[in-house]
Amino acid sequence: MTDPILLRARGLKNSRSLATYQKLGGYSALEKTLSMTPAEVIEVVKASGVRGRGGAGFPAGVKWGFVPRDAAKPKYMICNADESEPGTFKDRELILVDPHMVLEGIAIASYAIGANTAYIYIRGEFVDEARILAKAIAEAKRKKYLGEKILGSGYGLEVHIHRGAGAYICGEETALIESIEGKRGLPRLKPPFPAVVGVFGCPTVVNNVETLACVPHILEHGGAWFAGIGTERSTGTKLFCVSGHVERPGVYEAPMGITFREIIEDLCGGMRGGGELKAFIPGGSSAPVLPADKIDTAADFESVAQAGSMLGSGGLIVMDTTVDMVWALENLLIFYAHESCGQCTPCREGSDWAVDIVRRIRRGYGRPGDIETLHRIARFASQGMTICPLGDAFCGPIASFLEHFGHEFEEAISKASSRTTKALPILPVQSDREMFGI
Amino acid sequence: MNETMTSPLVVASPDEVTDVTFDRSMEVQIKRTLQQYPDSGAALLPVLWLCQERWGWISRGIMEAVGKRLDLAPAFVEGVVSFYTMYQRRPPGKYLLQVCTTLSCQLCDTSALVDHLRQRLSIDFGETSGDGLFTLVDVQCLGACGEAPVIQINSDYHTDLTVQKLDALLDRLAGQ
C-alpha cells in the first residue's frame with residue numbers, strides 16, 4: 001500500500017497548524033506555482049488526470065481550462081465543502097486534519113483560473129470545521145500565503161467562508177452558487193456552465209475539498225507522478241469513507257483501483273461482529289446498491305460503473321444480512337424526498353410518491369402494481385427529466401434495490417396485510433409511530 | 001469527539017424580536033460581511049446566521065429588519081429562511097437535539113437513541129420539553145457517518161453514542 005498523501009498528517013500533534021504543514025513541505029507547491037504561468041499550471045493538472053472527488057468525476061484540469069482567459073469580468077474560485085451526501089465524511093476529515101492543504105489547493109486553483117476571490121462553501125452544521133478554516137486562513141494571511149501580494153508576487157487572493165444552512169441540494173454546483181448569492185438553493189439550467197456564467201454572473205470554478213487537496217501534491221511532484229498512482233483513467237489516491245456494519249468504520253486513503261473486499265476486510269477489519277455482507281453502496285447514497293457478490297469490484301470510476309453503480313464520493317455504506325432492504329430503500333428515499341428543492345415536478349412528486357409506495361410495502365399494505373409503479377417513477381424522474389441530478393440520485397437506488405433485492409419487495413407485497421408487525425425496524429418519524437400504534 | 005461542554009442557546013422571547021434593531025457590534029459584523037461580496041444580497045445567509053446566534057431563532061420581525069438592511073423584500077427573506085432547515089422559525093429550547101436519521105446512523109441503531117430520548121424527555125420530534133431545556137428534531141445526514149450514531153447538540157457533534165453515553169450527556173446539560 002502506498003503511503004498516505006492527503007492524510008499524511010493524520011495522527012500528528014497539531015496537524016492543523018501552519019508550522020506542521022510547513023514542516024511537511026506545505027506551501028512550497030504554491031511558491032512553485034507562482035513562478036509558472038496559469039496555462040502551465042492547468043497543463044500539469046490536466047496531465048495528472050485528477051478527477052472531481054465530489055461525485056461526478058469530471059477532470060479538474062479540463063474544468064479549469066473552460067474558464068475564458070480574456071474575460072473582462074472577475075473570476076471566482078469556490079471550494080465545495082457542503083459535504084452532505086449520506087455516507088460521505090471525507091471532506092470533514094481533511095479539514096479537521098489538514099486545513100492548510102485545502103487552502104493551498106484553493107490558492108493554486110485560483111491562480112490557475114485567474115481568480116482573486118475564493119469562497120469556501122461549508123455546510124452549516126460544520127461549525128467547528130468552519131472555525132478551523134477561518135483560523136487557518138488568518139494564519140496563512142499572516143505568512144503571506146494568502147491576501148495581497150502572495151509571497152511577494154503580483155498575485156493576490158482573498159478567501160472567504162460562506163456557511164450553508166442545511167440543504168443537501170446546495171452541494172450541486174449551481175445551487176451552491178445561488179446559495180452564495182443569498183438565494184434559495186435552486187439548481188440552474190446548464191448551459192451556461194459556471195465556468196462561463198457562475199456566481200454573480202462571472203466565470204466560476206467549483207471544486208470539491210478533496211480535489212483541491214490533491215492539487216498541491218500534483219504541483220509539487222508533477223502530473224506524471226500523480227497519474228502513476230491508481231489506475232490508468234482513475235488516477236491518484238482516493239479517500240474512502242466507510243460506514244455501517246464494519247468493525248472499524250472511518251476514512252481510509254488508498255490508491256484508486258483497490259477492491260471493495262480489500263477496503264472492507266483489510267482496512268476496516270471485516271464485518272462487524274462477524275456478520276455476513278449482504279449489500280454495499282459504493283459511492284454515497286445516490287450510487288446504485290451492489291449485492292455482496294460484487295465485493296471484488298475495483299474501486300475506480302470505470303470498474304464501479306461497469307459493475308452497475310458509481311464511485312461517486314467514495315462513501316461506502318456496508319450492510320449485513322440483518323438489513324431489511326425495503327426498510328433501507330425507504331430510509332434513503334425519505335432523504336431525497338426531504339432534500340428535493342421542488343423545482344422540477346418529476347423529482348418533487350416522484351420522490352414523495354416513491355416514499356409512499358415503499359413505506360406502504362414495508363408496513364404490509366403493498367399492492368400488486370407497486371413495483372411496476374416504482375420502475376415507472378425511476379424512469380420518468382431520471383436521465384435528463386430534471387434540471388439537476390437529484391432525480392437520478394434517488395432513481396438509481398430505486399432501480400438497483402429492485403434489481404438486486406426485488407424479491408424482498410415482492411415477498412412483502414405477497415404477504416401484504418399480514419406483515420404489519422412491531423418486530424420490523426421502525427423509523428424514528430412521527431408517521432411511523434402512528435402506523436404502528438406506539 | 002466533543003469533550004467541552006455545549007453552551008446553552010440564547011433564545012429571545014417572541015416579544016423581544018417583534019421589532020428588532022441591530023446594535024453597534026452587529027452592525028460592525030454586517031459591514032464586515034458585506035465587504036466579502038460584490039452584491040449586498042449575497043450577505044443574506046451570513047446575516048441570518050448572525051441574527052440566529054444573537055436571538056436563537058429567526059422571527060418575522062428579524063426577517064423584516066434583515067430585509068430592510070440588505071434591501072430585500074421581506075417575502076424574499078422568508079423564502080430563503082424557509083428553504084434552509086437550519087434557520088429556526090420558532091424559538092427552540094436551550095439545547096437543540098438534532099438526531100441524524102439517515103441510513104448509516106440507522107444501521108448503527110439510532111432508533112434506540114430516539115426511543116430513549118422520547119421516553120426520557122416525554123417529547124416527540126419537533127417538540128420542546130416542558131422545562132424549556134430540550135428541543136428534539138430529526139435531521140438528515142450530518143456527514144459524520146463513520147462515528148455513527150451521531151447527534152448534534154447546538155453546534156457540537158456527539159458521536160459513537162450509546163443510550164448510556166447519551167444519558168450522561170443529558171444529565172450534565174440538565175444540571176448546567
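In this predicted model, strand β2, helix α7 and strand β3 of chain A together make a β-α-β unit, and the unit is right-handed. Strand β2(A), which spans residues 117-122, pairs with β3(A) in the parallel sense, and six bridges join the two strands. Individual positions can be followed across this pairing: A:Tyr119 stands opposite A:His160 in β3(A), while A:Tyr121 has A:His162 of β3(A) as its bridge partner. The helical part of the unit, α7(A), comprises residues 127-142 and lies across both β2 and β3 of chain A, its direction running at about 170° to that of β3(A).

The two strands of this unit belong to an open sheet of chain A, in which four strands with parallel pairing are arranged in the order β3-β2-β1-β4. The edges of the sheet are taken by β3 (158-163) and β4 (204-208) of chain A, and because each of these has a single partner strand, one side of each is left without a neighbour in the sheet. From one strand to the next, the twist of the sheet averages 20°.

B:Leu97 has its place in strand β1 of chain B, a strand formed by residues 95-100. The residue B:Leu97 is classed as buried because 29 other C-beta atoms lie within 10 Å, where 20 or more are needed for that class. When neighbours within four places in sequence are left aside, the residues in contact with B:Leu97 are B:Leu117, B:Phe134, B:Thr135, B:Leu136, B:Val137, B:Ile151 and B:Ile153. For one of these contacts, that with B:Thr135, the separation in sequence is 38 residues, whereas the C-alpha atoms of B:Leu97 and B:Thr135 are 5.9 Å apart in space.

The two chains also meet each other, in a contact that takes 49 residues from chain A and 40 residues from chain B. On the side of chain B that touches chain A, the elements giving two or more residues are the helices α2 (44-55), α4 (74-83), α5 (103-107) and α6 (110-121) of chain B.

Key. Residues numbered from 1 in each chain as written. Chains lettered and ligands numbered in written order. Predicted model: local features only at pLDDT ≥ 70, side-chain atom pairs only at ≥ 80, totals over all residues. Contact = placed C-beta atoms within 7 Å. Buried ≥ 20, exposed ≤ 12 C-beta atoms within 10 Å, placed from the backbone. Pairing = 2+ DSSP bridges. Axes fitted to C-alpha atoms, helices over the stretch in contact; angles between N-to-C directions. Right-handed = clockwise from strand over helix to strand, strands pointing away.
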